[in-house]
Amino acid sequence: MKFFIYSITIISLLFFVLLTALDLSGSYTLSIGLGWLIAFLYIVTGFILFFIALKVKNKSFGKMVTLSVFGRLIFALSGIALVVKSLDIHNTVFIITLFSFYFIFQIMEVVGLNKISIKGA
């Protein structure tokens, strides 16, 4: 769990320092920030729900993981639709940032969950 928390924190801090140093216009910064936020919330909720699922009975584990996947997917799709439809942002920048951070965070989540699963096995 420490690996996941430390890696997400370090990557995010480096990202925000770089974003501040680039001094982009407000709409670019908002697009990038919202893409990061949705990816961050998606991965963190998945990590927390998987961590909780490891502590429940074996029968409930599959149900919890399945519900987690579909619940997070619905959250992400509604968040993306809400942001794209209601805010005046650069959609391309938003989507590129969202997918980039999702990919980076997903790698960290898988590595962190593997470490937790090995300890629990």
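Which helix gives the most to the nonpolar patch?

1. Basis. This is a predicted model; local features need pLDDT of at least 70, side-chain atom pairs count only at pLDDT 80 or more, and totals for chains, interfaces and linings use all residues. Residues are numbered from 1 along each chain as its sequence is written, and side-chain values use heavy atoms, without hydrogens or water.

2. Fold. The chain has 4 helices and 0 strands (DSSP runs numbered from the N terminus: H or I of at least four residues for helices, E of at least two for strands). The C-alpha trace spans about 50 × 30 × 15 Å along its principal axes. Of the 121 residues, 29% count as buried (under 20% relative accessible area, 1.4 Å probe, protein chains only; exposed is over 50%, partly exposed in between).

3. Patch. Helix α4 (residues 91-120) gives the most to the nonpolar patch, with 4 residues. F3, F103, I104, I107 and V111 make this surface patch of about 420 Å².

4. I107. This residue lies in helix α4. I107 is partly exposed, with a relative accessible area of 44%.

5. Lining. The residues lining the largest pocket divide into 10 nonpolar, no polar and no charged (Ala, Val, Leu, Ile, Met, Phe, Trp, Tyr, Cys and Pro count as nonpolar; Asp, Glu, Lys and Arg as charged; the others, Gly among them, as polar).

Note on methods
Patch = residues over 30% accessible without salt bridge, like charges linked within 9 Å, V, L, I, M, F, W, Y side chains within 5 Å. Areas by Shrake-Rupley, 256 points an atom, 1.4 Å probe, with all protein chains shown as cover. Salt bridge = Lys/Arg side-chain N within 4 Å of Asp/Glu carboxyl O.
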